[in-house]
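I opened the model to look up its pockets and overall build. My notes follow.

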Amino acid sequence: MGSSSDWGVMKAATETLAQFGVDSETKVLSAHRTPAELQAWVASLRSRGFGAVIAAAGGAAHLAGVVAAFTTLPVIGVPIKSKSLEGLDSLLSMVQMPSGIPVAVVAIDGAKNAALLAIEILAVTDDALRQKMDEFRAAQARKVLDSTLD
Ligand code: RP5
């Protein structure tokens with residue numbers, strides 16, 4: 001994430017990954033404030049066994065795009081709700097990537113869905129993880145079907 005101020009939202013992604021038993025690394029690195037450190041960290045990911053990156057930022061939210069420029073790992077962007085424009089600025093900054101450098105963008109503050117999408121990407125080559133995702137979906141469906149109205 002681009003700032004420690006994003007952590008309140010992004011905790012949900014880390015928790016969801018942990019719930020599925022997926023190892024993750026959580027970092028604060030900024031496309032604008034720490035570009036060299038960001039580049040070095042992204043360059044290390046594939047050789048350290050990571051399969052996807054979730055990048056969260058608000059405002060001029062260039063983080064996900066810059067991460068995608070430095071790696072061919074799949075990058076999922078989480079636009080963070082900003083103070084002045086409610087996150088519309090973050091969403092539009094993130095989603096309008098130039099052709100050739102894709103970022104998969106979830107909803108504003110959509111940390112949980114970012115983690116679920118990352119898990120689905122990893123599950124393509126991991127049957128145990130795919131089974132956990134199937135169980136998660138089944139439990140979620142049961143909750144909807146069992147819901148009662150007062
Ligand atoms: C972005 O600017 C961060 O991702 C954060 O969402 C926003 C505000 O950052 P701070 O000023 O709180 O560090 O780069």
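How do the residues of the lining of the largest pocket divide into nonpolar, polar and charged? I counted 19 nonpolar, five polar and three charged. Ala, Val, Leu, Ile, Met, Phe, Trp, Tyr, Cys and Pro count as nonpolar, Asp, Glu, Lys and Arg as charged, and the others, Gly among them, as polar.

Ground rules: this is a predicted model, where local features need pLDDT of at least 70, side-chain atom pairs need 80 or more, and totals for chains, interfaces and linings use all residues. Residues are numbered from 1 along each chain as its sequence is written, and side-chain values use heavy atoms, without hydrogens and water.

I then took the volume: the largest pocket holds about 540 Å³ of space. (A pocket is an open set of points on a 1 Å grid over the protein atoms alone where a 1.4 Å probe fits, with protein on both sides within 12 Å along at least five of seven lines; lining residues have an atom within 4 Å of a point. The volume is the space filled by probe spheres set on the points, which are joined across faces, edges and corners.) Of its 27 lining residues, Leu17, Ser24, Glu25, Ala52 and Ile54 are the closest to the centre.

The second largest pocket has about 360 Å³. I found 18 lining residues, with Ser3, Ser5, Asp6, Ala57 and Gly58 nearest its centre. Its lining divides into six nonpolar, eight polar and four charged.

Last, the extent. The C-alpha trace of the protein chain spans about 50 × 40 × 30 Å along its principal axes.
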